[in-house]
Amino acid sequence: MTNVDTGGRDRLALAVLVQYRMATTAQMHLILSPEVRIEQTRRRLAKLREEGLVDRITLPRAGRTRVWHPTPYGAQLAGEWPELRGRRPPRGATDRTAVRLKAGHGLTVTETALAFLQDARRRGDVCRPLDWIPEVRHPLGGGEAVIPDALLYYQRHSADGASGAHRTDGAGGAGGAKGTRGGVMLRAFVEVDRATMGPERLATKLTAYARLHQYTPAPAARPRQQPFPQPIQESWRQRYPLFPRLLFVLDGTGPAGVETRIHALRAATRGHELAAFLREVPVLAAPLTDLLHHGPTAPVWHPIPDTDHGQRAGWMHTRHP
């Protein structure tokens, strides 16, 4: 059975589209098989389309770029797989019109994922395609929730004092990534901003994450005879050993616009209500152009607040000892 093609790459291609929502042909090629010719990726996607698992739209104003997305059948099938359990995309993710209207933001999120995936490959770290999980809902109670553009799981080989990380000698992050002995697991909430909202509205996201950091759900009713009830903890501790760091990726504006948005983020940190959150959670912001040109681990990130006096850092940076 060693020479039987079990369709592993086809399965991964469908899983990526279901999880990422959308991607261009070039993005799918770099995510799946950058070591082979892109024609192989085109044939794979065409075969999945013939089988009714994926579909595509064409963007007329972007050089007739083809954007791939899952069909309802493809999303239903992949949603039954263990690696995608609980990650079925919203209904609009399989609708051609919805994909077209969301293509600008959706493709930018996928491009951001590629920056981390390719950097991990260059460094020999572990970050697999399914370790990038868009739109994971984190409830705040009362019907409110924090939904980052993506949750990133990333395993590096050495610690270097990274905050928001813990050592692992076995299983790694989401998407079936296997750990390397002595490695360090990093997690990050990623917000991709394309300058479609004002700088002040962007800065309010800091408050939302600070609320998530402190949010404790109302205790459920317990039997009276329970002598030692478990203490109530913040809801995020049920998912993560440490609160993920927060990364703002800025796009859709020039250098002046980037500076304006970084200034708005830093201005929002001056209130006392964010002090506890900022003491424990590294927050950084960087232009997407710098991530694509230099890589996320390069010193292209602006710490929020500016505790390093204008110095930039890599995304694994922490200002805490």
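## Burial and the overall fold

Buried means under 20% relative accessible area, exposed means over 50%, and partly exposed lies in between (1.4 Å probe, protein chains only). This is a predicted model: local features need pLDDT of at least 70, side-chain atom pairs count only at pLDDT 80 or more, and totals for chains, interfaces and linings use all residues. Residues are numbered from 1 along each chain as its sequence is written, and side-chain values use heavy atoms, with hydrogens and water left out.

The protein chain has 321 residues, and 47% of them count as buried. It holds nine helices and 12 strands. These are DSSP runs numbered from the N terminus (helices: H or I, at least four residues; strands: E, at least two). A contact means heavy atoms within 4.5 Å. Among contacts with a separation of 6 or more, 63% join residues 24 or more positions apart.

## Two nonpolar cores

A nonpolar core is a set of buried Ala, Val, Leu, Ile, Met, Phe, Trp, Tyr and Cys residues joined through side-chain atoms within 4.5 Å. The largest one has 47 residues. W132, L152, V190, L291, W301 and W315 have the most contacts inside it. A second, separate core has 31 residues, including Y153, F248, V281 and A285.

Take L291 from the largest core. Leaving out residues up to four places away in sequence, L291 touches A115, F116, V249, A286, P296, V300 and W301.

## A covered helix

Helix α2 spans residues 25-32, and six of its eight residues are buried. They are T25, Q27, M28, H29, I31 and L32. Their cover includes α1 (8-20), β1 (23-24), α3 (38-50), β3 (65-70) and α5.

## Two pockets

A pocket is an open set of points on a 1 Å grid over the protein atoms alone, where a 1.4 Å probe fits, with protein on both sides within 12 Å along at least five of seven lines; lining residues have an atom within 4 Å of a point. A volume is the space filled by probe spheres set on the points, which are joined across faces, edges and corners. The largest pocket holds about 270 Å³. It is lined by 16 residues, with R21, K102, H105, G106 and E135 nearest its centre. Helix α5 (residues 96-123) gives the most to this lining, with seven residues.

The second largest pocket has a volume of about 230 Å³. Its lining has 13 residues, and G86, R87, I133, E135 and V136 lie nearest its centre.

Most residues other than glycine have a negative phi, and most peptide bonds are trans. R21 has a positive phi, near 85 degrees. R21 sits in the loop between α1 and β1, and it counts as buried at 12% relative accessibility. A195 also has a positive phi, of about 60 degrees. Its place is the loop between β9 (183-193) and α6 (199-214). A195 is partly exposed, at 29% relative accessibility.

The peptide bond from I304 to P305 is cis, with omega near -5 degrees. P305 is in the segment after β12.

## A buried histidine

H302 belongs to strand β12 (residues 302-303). H302 is buried, at 7% relative accessible area. A polar contact of 3.5 Å joins its side chain to that of R312. Such a contact is a pair of N or O atoms within 3.5 Å; within protein, one must be able to donate a hydrogen and the other to accept it, and residues adjacent in sequence count only if both atoms are side-chain atoms. Not counting residues up to four places away in sequence, H302 touches E259, I262, R266, V283, L284, A285 and R312.
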